[in-house]
Structure formats: structure tokens, C-alpha cells
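User: I am new to reading protein models and would like to go through one feature at a time. Please give the general idea first, then the case here.

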Amino acid sequence: MLTIKQILTFAYDSEYESAYDLSEKRPFSQPKIYTGNGDLNKRWYVYFSFRDPGTCRLKRQTPIYGNANGYKTKEERLAVLTVLQKTLLRLLRKGFNPYKDNTELFNSLYNGTSEAPKAEGSKEDDGTGQPKEPNPIERQLPKQAETEAENGATLDEAFSLDAEIKSETLQPSSQRSYNSHINVFRKWLAENRPKMEYIGQLDKQTVLDFLKHILKNSSARNRNNYRASLSSLFSTLEEHEYVSSNFVKRIKVYKSNPKRNKSYTDTQQQEIFDHLEKEDPLLLLFIKFVSYNFFEADRGLSSKSGRYRS
């Protein structure tokens with residue numbers, strides 16, 4: 001467990017060094033700790049951004065959790081995440097790049113030194129003659145950060161972020177429709193892409209396959225509505241650097257031809273009424289009640305617009 005003195009010393013060093021690093025093209029952002037506003041029911045983690053070699057823009061990388069969320073107090077979680085933050089910052093300053101193979105860098109930094117992380121499963125003397133487990137944070141971080149950065153945040157993290165943003169920006173009626181579309185998409189992913197875990201694995205072809213499924217089972221108009229919702233989802237993820245770009249907005253909008261409701265002529269209507277009056281008077285009464293409601297609704301709208309239909 002870290003002492004308060006160690007934590008404060010590291011925090012001071014980090015702030016002091018970052019204050020004088022004013023390069024506009026700095027390849028990474030300062031690693032930060034997310035604490036869920038102190039809520040222990042949420043997942044705490046260290047997060048940072050790294051400059052994407054393709055777009056030259058800082059791109060949010062997958063959060064690093066370590067074993068922090070296994071602890072049940074704020075102090076313990078913060079202590080673990082502070083070590084993760086410190087280790088990550090040191091690696092970034094030494095040249096760690098989530099878009100490259102860092103094996104050579106890792107070997108040059110740690111091989112033959114006292115601080116080299118031990119291979120998984122190895123042990124060392126803890127000074128008392130008893131074997132000591134290797135530091136799980138230092139052992140895990142390089143491989144974990146490199147692997148997760150390839151695919152970005154998990155799907156759950158990406159969808160949770162979007163839900164949080166949309167709950168603050170959408171009207172209740174729009175939010176219900178939007179959430180329905182996203183939930184259908186998530187269910188389809190679970191059934192058709194069960195091995196997909198990260199948002200970086202969700203590509204254009206997957207979205208196209210889903211939209212094809214919607215088109216096949218409904219209509220072009222409904223397919224376009226789902227496309228609009230998914231485009232909104234990826235716009236949010238792009239803004240918060242969970243994805244590099246919103247490829248959904250480049251997916252074609254299909255032309256839809258809405259069918260006009262078929263109406264009966266006055267002669268056909270009278271024939272239907274005459275038939276039902278003899279064969280099924282109860283159904284005729286029901287039709288008249290429903291029709292009367294539509295008539296009243298139409299008359300009310302007409303009066304509000306300054307017109308009245310007799």
C-alpha cells in the first residue's frame with residue numbers, strides 16, 4: 001500500500017513536469033484517473049490519449065483497470081490506480097507507443113535491471129527468505145496497455161458513455177426511440193458477433209450486415225431510422241475519442257416509397273355499411289365509434305389552425 005507521502009510526491013512530480021511540457025504535437029496526453037465521482041459501484045480506471053499515426057489526432061485509448069476494482073475502499077483503489085498512472089506515464093515518456101511493437105523498448109528498459117518485471121508465475125525473494133509474488137501491476141501493464149489499445153474501449157464502456165450523453169441531450173420521446181434502436185443493435189451483436197468485445201472491432205461491414213437484417217425484416221424507411229441512430233452513436237464516440245471516425249454517416253440512405261393508405265369510395269362505404277347492418281350490426285357499431293373519434297380529432301386540428309370542417 002502506498003503512503004500518502006508517496007502519492008503526493010508523485011502527484012507533485014507529474015504536475016511539475018507536465019507544466020513545462022508545452023509541445024503542441026505531444027504524442028500523448030497526461031494519464032488521468034477516473035473515480036466515478038467516488039462511486040465504488042462504478043469501474044475506476046486510468047485513461048489517456050495517444051496521437052493516431054493515421055489522423056495525427058489524439059485518440060482515446062482503452063482504459064487500464066489493473067486489479068483496482070477488486071478493492072472495496074476508495075483509498076485502496078486510488079493507491080492502485082496511482083501506481084498504474086505512474087508506471088504508464090513513465091513508459092510513455094520512455095517511448096511506449098500503443099500503435100507499435102514495444103518489445104525492443106521493453107527489453108532495453110528492463111532487461112538486466114533490478115526493476116524488470118518478472119515473467120508471469122515467477123517469484124523472487126522478499127527479503128525474509130520467503131518467495132514473493134511479482135508485482136501484478138508492473139507485470140501486467142505493458143502487455144495489457146499494448147493489447148487493449150489496438151481495439152479501444154470495450155463495447156459496454158462505449159455504449160455506457162453514449163447512454164450517459166444521450167440521457168442529457170435527448171428529449172424523452174426521442175430517447176425512447178433511440179434507446180430502442182440501440183438495444184436492438186446490441187442484441188443483434190450478441191447473437192451474431194458473440195466474440196466481439198471492443199469498439200475497435202465494430203467495423204463498417206458489421207453495421208452494414210445489421211442494416212441489411214433490418215431492411216429484410218421491415219422496410220427501407222425503418223432501416224434508415226436505424227442508420228440515423230447508429231450514426232448518432234458513432235458521432236458521440238468520435239467526439240470522445242473512442243473511435244477515430246464516424247463511418248456510419250458515409251453509409252448510403254436508401255430511398256423509401258411510403259405507400260398511401262387505401263381509401264374507399266362513397267359507394268363502396270355504403271355497400272359495406274349495408275352489408276354489416278344485415279350480417280354483423282355489432283361490428284358496424286364498433287366501426288362507427290372508431291370513425292367518429294377520428295372525425296373529432298380531425299375537426300379539432302382544423303379548428304386550431306383557423307379552419308373548421310362541417
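User: Is C56 buried or exposed, or something in between?

Analyst: Keep in mind that this is a predicted model. Burial is read from relative accessible area: under 20% is buried, over 50% is exposed, and values in between are partly exposed. C56 has 45% relative accessibility, so C56 counts as partly exposed. The residue sits in the loop between strand 3 (49-51) and strand 4. C56 also has a positive phi of about 65°, although C56 is not a glycine.

User: Where is Y71, and which residues does Y71 touch beyond those up to four places away in sequence?

Analyst: Y71 lies in the loop between strand 4 (58-60) and helix 2. Not counting residues up to four places away in sequence, Y71 touches E76, R77 and V80. At 30% relative accessibility, Y71 counts as partly exposed.

User: How many salt bridges does the structure hold, and what is the idea behind them?

Analyst: Side chains of opposite charge can pair when their charged atoms come close. The structure holds 4 salt bridges. One of them joins the side chains of R186 and D156, at 2.8 Å from N to O. R186 is in helix 6 (residues 172-192) and D156 in helix 5 (residues 155-169), so the pair ties together parts that are 30 residues apart in sequence. R186 is partly exposed, at 32% relative accessible area, and D156 is partly exposed, at 49%.

User: Where do D162 and K166 lie relative to each other, and are the two residues buried or exposed?

Analyst: D162 and K166 are 4 residues apart in helix 5, so about one helical turn separates them. Their side chains meet in a salt bridge of 2.6 Å, N to O. Both residues are buried.

User: What does the salt bridge between R193 and D209 tie together?

Analyst: The closest N and O atoms of R193 and D209 are 2.8 Å apart. R193 lies in the loop between helix 6 and helix 7, and D209 lies in helix 7, so this pair ties together parts 16 residues apart in sequence. R193 is partly exposed at 26% relative accessibility, and D209 is partly exposed at 23%.

User: Where is confidence in the protein chain highest, and where is it lowest?

Analyst: Confidence is given per residue as pLDDT, on a scale from 0 to 100. The mean for the protein chain is 78, and 73% of its residues reach 70 or more. Helix 7 (residues 204-217) is highest at 96, while strand 5 (residues 124-125) is lowest at a mean of 45. Over residues 114-149 the pLDDT is below 50, and this stretch has 58 contacts in the model beyond near neighbours in sequence.

Notes
Residues are numbered from 1 along each chain as its sequence is written. This is a predicted model: local features need pLDDT of at least 70, side-chain atom pairs count only at pLDDT 80 or more; totals for chains, interfaces and linings use all residues. Side-chain values use heavy atoms; hydrogens and water are left out. pLDDT is the predictor's confidence in each residue, from 0 to 100. Contact means heavy atoms within 4.5 Å. Buried means under 20% relative accessible area, exposed over 50%, partly exposed in between (1.4 Å probe, protein chains only).
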